[in-house]
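Biologist: Could you take me through this model one question at a time, giving the cut-offs behind each term as it comes up?

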Amino acid sequence: MSQFIIVPKISSYPGPEARARVMLRWLIERGVVEAQLTRCGVNGQWAHAIGPRASEVIEPAGLTLLPVNEPCNGVQVVTKRCIYTPKDAFRGEARCPECRAKVGEVLVEHLEVWMPGETDNFICPECDHEDDINGFPFDEACAFSDLGFIFNNWPGAYFRRGFLDEFAERLGFPIECVQVST
Ligand SMILES: [Zn+2]
């Protein structure tokens, strides 16, 4: 089981539910996902199944890379605050973009304050640089937001760059692509 998750690099996305609907409409019109919800999500949750033109966003194009035979292969959208980290052997190493200090351990602890929404930001304990928590890069792709698009068992490494660029453009924020293996 793996998940490829596209997340805007911002803790509090402005109007996450409305944007989720707009993005889904785009994905449906493009034939990337089906309009109907079916039980193709995690543990049989409702999700949007692979659409008729989904292979066009994968490179090389073709259905062979898509999880067509997996029972869990749908796209699910999350509109509540969520922490996206790679699950297998997550090292949790991050650096301050200003002073380059290793801040991973403190950042991970800080998630306990971030998760209930007490703050969106993190302050570097070494140099006091303050920014949205997504502004402190981890070694492995991670993201923290109230909007996330989960592609269950889709081959993250094979998404077309142009599609991901358009995804970011339509979200209006840079994106992080988190690959989760469970
Ligand atoms: Zn710093």
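Biologist: What percentage of the 182 residues in the protein is buried?

Modeller: This is a predicted model, in which local features need pLDDT of at least 70 and side-chain atom pairs count only at pLDDT 80 or more, while totals for chains, interfaces and linings use all residues. Residues are numbered from 1 along each chain as its sequence is written. A residue is buried if 20 or more other C-beta atoms lie within 10 Å of its own, exposed if 12 or fewer, and partly exposed in between, with C-beta atoms placed from the backbone. By that criterion, the buried share of the 182 residues is 28%.

Biologist: What radius of gyration does the protein have?

Modeller: The radius is taken over C-alpha atoms, and the globule rule is 2.2 Å times the number of residues to the power 0.38. For 182 residues a compact globule would come out near 16 Å, which agrees with the value for the protein, 17 Å.

Biologist: Which residues touch the most other members of the largest nonpolar core?

Modeller: A nonpolar core is a set of buried Ala, Val, Leu, Ile, Met, Phe, Trp, Tyr and Cys residues joined through C-beta atoms within 7 Å. The largest one holds 34 residues, and those touching the most other members are Ile5, Val7 and Phe136.

Biologist: Why does this core lie between domain 1 and domain 2?

Modeller: The bounds, domain 1 (2–82 + 141–181) and domain 2 (91–129), come from an automatic or database domain assignment. The core lies between them because residues are given to it by both domain 1 and domain 2.

Biologist: How many residues of domain 2 are in contact with domain 1?

Modeller: Two residues are in contact if their C-beta atoms, placed from the backbone, lie within 7 Å. The centres of the two domains, taken over C-alpha atoms, are separated by 27 Å. On the domain 1 side four residues take part, and on the domain 2 side the number is four.

Biologist: Which residue of β9 is the bridge partner of Gln3?

Modeller: Strands (E, at least two residues) and helices (H or I, at least four) are DSSP runs numbered from the N terminus, and two strands pair if DSSP finds at least two bridges between them. β1 and β9 run antiparallel and are joined by four bridges, while β4 (residues 75–78) also pairs with β9 in the antiparallel sense over four bridges. Both faces of β9 are covered, with Phe149 and Phe151 buried on one side and Gly148, Ile150 and Asn152 buried on the other. Within β9, the partner of Gln3 is Asn152.
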